[in-house]
Amino acid sequence: MIYPWQAPVFRQLAGERRHLPQALLLHGPQGLGKTEFARHLAQALLCESPLAEGAPCNACPACNWFAAGNHPDFRHLRPESDAAEAEGGEASPRKGSAQIGVDAVRDLAGFTTTSTHRAGLRVVLIEPAEALNVHAANALLKTLEEPRPGSLFLLVSHAPARLPATIRSRCRSVSFHPPQTSEARDWLAQSGVQHPELFLALAGGAPLEAQRLARQDNGQRPEFLRRLADPSQSLVQVSEFVARLPVPEWLGWLQRWAHDLVAQKLAGEARYHVDFQDVAARVAARADLYDLLAWERTLREARRLEHHPLNPRLLAESLLAPLFAMR
Ligand SMILES: [Zn+2]
């Protein structure tokens, strides 16, 4: 399936069917459904009796194989950890490598050089493409340098700048943007999300991320922000409260809070925690812009540590301390 905001780009690419370049780089922020789009496009291109506007029929042998995950002309490369998670494994701690290794790319050689099983196209989906390690990226580059007719590579990336320029230059760039707020809000409301505007703001406009945040919402965020801004709460008290929550969750809130405080300083408006706009204005008024920017940078760097087993209480204290120093 594709999402409503993807319909125009799908129509365009499906319309080019047999004239697509060898590789497409589908890129844009996380939470827009790029991978689902890539899978849908792959299925549509492999479908043996596509419907109007190129949509897959969901009935032919190719569509049935695709749905069952065993279409012989389709390969899906992703990090082992993502595959384990998708197959119902534990999300945390992550199992397997977070990278796509060179062997996975080398295995494609046989796939792209033999004739196709259904006399059509071969499609390789790589996501996220930035997970390719150096050797894997080099191997992929070699493959892209010797185009095979009938092969299409779909690279999905949230961070295309992290891909080698040599690979980027061999792909047609297809960029994904957050949809209009009204479209995203309507979609979220239809999918049963309460307060869609709030979650959409928290997700920076990305509808699937908003949906994820809404589903995972444990009601602790307002309490967290209240405590942060409450002068009677000490650093130790807030850290104790925070340490009971999952690190990626509160660190995500905190990073957005820092961004909001900076945005209040610069533009007089918070972007993410829109329900705490007034509080952000009050806190930002007392803080120094350069201190806030330095703190925001520290939090960004800390996100790399969020899946590592650190003492949550110490992590909270060290990351909250700069904010308390600005009070
Ligand atoms: Zn079909």
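**Close-up 1. H195 is out in the open.** H195 has a relative accessible area of 56%, so it counts as exposed. The cut-offs here are over 50% for exposed, under 20% for buried and partly exposed in between, with a 1.4 Å probe and protein chains only. You'll find H195 in the loop between helix 9 (181–190) and helix 10 (196–202). Helices are DSSP runs of H or I with at least four residues, strands are E runs of at least two, and both are numbered from the N terminus. H195 isn't a glycine, yet its phi is positive, at about 55 degrees.

A quick note on what you're looking at: this is a predicted model, where local features need pLDDT of at least 70, side-chain atom pairs count only at pLDDT 80 or more, and totals for chains, interfaces and linings use all residues. Residues are numbered from 1 along each chain as its sequence is written, and side-chain values use heavy atoms, with hydrogens and water left out.

**Close-up 2. Four cysteines hold a zinc ion.** The SG atoms of C47, C57, C60 and C63 coordinate the zinc ion at 2.3 to 2.4 Å. Donors are N, O and S atoms within 2.8 Å of the metal (3.2 Å for Na, K and Ca), and sites may look incomplete because water is not among the atoms. The 4 donor atoms subtend angles of 103 to 118 degrees, which makes the arrangement tetrahedral; that label needs all angles between 85 and 135 degrees. Along the chain, the donors are spaced C-x9-C-x2-C-x2-C. C47 and C60 both sit in the loop between helix 2 (34–46) and helix 3 (61–68), so this pair ties together parts 13 residues apart in sequence. Both C47 and C60 are buried.

**Close-up 3. N58 has a positive phi too.** N58 belongs to the loop between helix 2 and helix 3. Its phi is about 60 degrees, although N58 is not a glycine. At 55% relative accessible area, N58 is exposed.

**Close-up 4. A cis peptide bond links E127 and P128**. Omega is about -15 degrees for this bond. P128 lies in the loop between strand 3 (122–126) and helix 7 (134–145). Most peptide bonds are trans.

Terms used. Tetrahedral: all angles 85-135°; square planar, octahedral: opposite > 155°, others 65-115°.
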